[in-house]
Amino acid sequence: MTTRIILSLILLLLTICPQSVTANESLITGGNFESDAVWSLKRGASISAEEGNRFLRLRQLEPGKTVMVYRRIDLPTDVQALKLSFKVRYENIKPGKQLWFDGRIMMNFKDKENKTLKPAPPAPAFKGNSKGWISRETSFLVPPNSIHLEMMFTLFQVQTGQIDFDDIELVPVDPGPVIRAKEEQSRRKAEEVARRATSVKPQVPVVPPEKLPFMLKVLGNRLIDESGKNIWLQGVAIPSMGWGPGEKVLESVEHAMKEWNVNCIRLAVREHFWAGTGPYQNDGGASYRQQIDDVINLVASYGGYTVIDLHRFRAPQEKDVQFWVGGSHEI
Ligand SMILES: [Ca+2]
């Protein structure tokens, strides 16, 4: 009788909790590839076997094309963080047109309207050779209102390569350690940026105030000196800090001032490089801003003037105002 009551209670519990996820139970079914049912395979993807073990294989058959296996994972409502773990083995992955065109697991969180939620999980990425199977894992937070996680196991437009996956598991985890690890990572990154910024040194001596060229004034549509005499500025544009860190900027300025006898340099700059948020910047913009100072001092040392040209099209925007306010205080 007691046994029947316990069995009934177990059955009742199973009935009222059909969607609950047991701790450490993977949300990905078939992640060991020992059954065919759940994986939809297209050109370049297959389930391969070695010594009785089955795994997913992606193989590049046509350079520059994408090979992909897609899964959409339903997320339990209360999940706040996930740990993805897997085994991976890859050979001869040569990136495509961009450096990030490689082997990778791309993931997106989706809400009930299928909108992508930010931030996306970091994408584990692979190039070259792993020399055998290796284990990898990554943990990340789940944005509120996420109901699905899209997973794309891919050779993304690579030139060549082959990649194998096995034992893929996606497990809900406690968000606390994930948040702390993220904070620690941000702190280390900020320290590294600060260290790089302090190592940036001037390339050109600062011109003392008494040796600066006289201040120009605007009168109507004319530039005048302090005695009211018209001043005519004639010089060259140096554009390369408008699209990146600059190319031989100081050499170009020196040449223009010394050999061409100009009295003005128009220096193109961009507000995101100034703020240190441009691609590939890792010093918070310190070297970019220092180079602007160096140009101004070099030009001034020849008695010339620098025109700072925020090189953008169309009307100024709010962020341009921020640049000019910040820039005018620092330059
Ligand atoms: Ca397996």
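## The parallel sheet

Strands β13, β14 and β15 make up an open sheet, in the order β13-β14-β15 and with parallel pairing. The edge positions are taken by β13 (235–238) and β15 (305–310), each with a single partner strand, so one side of each has no neighbour in the sheet. Direction ignored, neighbouring strands here are turned by 20 degrees against each other on average. This is a predicted model.

The pairing of β13 with β14 (residues 264–269) is parallel and consists of four bridges. Within this pair of strands, G235 stands opposite C264 in β14. In general, strands of a sheet pair through backbone hydrogen bonds, either parallel or antiparallel.

## Helices on the sheet

Two helices can be described against these strands. Helix α3 (residues 249–258) packs on the sheet and touches β13 and β14. The direction of α3 makes about 170 degrees with that of β13. Helix α5 (residues 286–301) lies across β14 and β15, and α5 runs at about 175 degrees to β14.

K248 belongs to the loop between β13 and α3. The phi angle of K248 is near 50 degrees, a positive value in a residue other than glycine. K248 has 11 C-beta neighbours inside 10 Å and therefore counts as exposed, the cut-off for that class being 12 or fewer.

## Overall form and domains

The protein as a whole contains six helices and 15 strands. Its C-alpha trace spans about 110 × 45 × 35 Å along the principal axes. The radius of gyration is 30 Å, whereas a compact globule of 331 residues would have one near 20 Å. Of the 331 residues, 22% count as buried. Among contacts between residues at least 6 apart in sequence, 73% join residues at least 24 apart.

The domain assignment gives domain 1 (22–175) and domain 2 (207–330). The C-alpha centres of domain 1 and domain 2 lie 48 Å apart.

## Helix α2

Helix α2 covers residues 175–198. At 1.5 Å a residue, its 24 residues should span 34 Å, and the end C-alpha atoms are 35 Å apart, which agrees. How many of the 24 residues of α2 are buried? The number is zero, so α2 lies largely in the open. An α-helix has 3.6 residues a turn, so residues three or four places apart point the same way.

T66 lies in the loop between β2 (53–59) and β3 (67–74). T66 is partly exposed, with 17 other C-beta atoms within 10 Å. Leaving aside residues up to four places away in sequence, T66 touches T154, L155, F156 and Q157. From T66 to E183 the separation is 117 residues in sequence and 35 Å in space, C-alpha to C-alpha.

Two further loops hold backbone features to check in the model. Most residues other than glycine have a negative phi, and most peptide bonds are trans. The peptide bond from K118 to P119 is cis, with omega near -5 degrees; P119 is in the loop between β6 (116–117) and β7 (125–126). N145, in the loop between β8 (134–141) and β9 (148–155), has a phi near 75 degrees, a positive value in a residue other than glycine. N145 is partly exposed, with 13 other C-beta atoms within 10 Å.

Terms used: Residues numbered from 1 in each chain as written. Predicted model: local features only at pLDDT ≥ 70, side-chain atom pairs only at ≥ 80, totals over all residues. Rg over C-alpha atoms; globule rule 2.2 N^0.38 Å. Buried ≥ 20, exposed ≤ 12 C-beta atoms within 10 Å, placed from the backbone. Contact = placed C-beta atoms within 7 Å. Domains from an automatic or database assignment. Expected span 1.5 Å × (residues − 1). Pairing = 2+ DSSP bridges. Axes fitted to C-alpha atoms, helices over the stretch in contact; angles between N-to-C directions.
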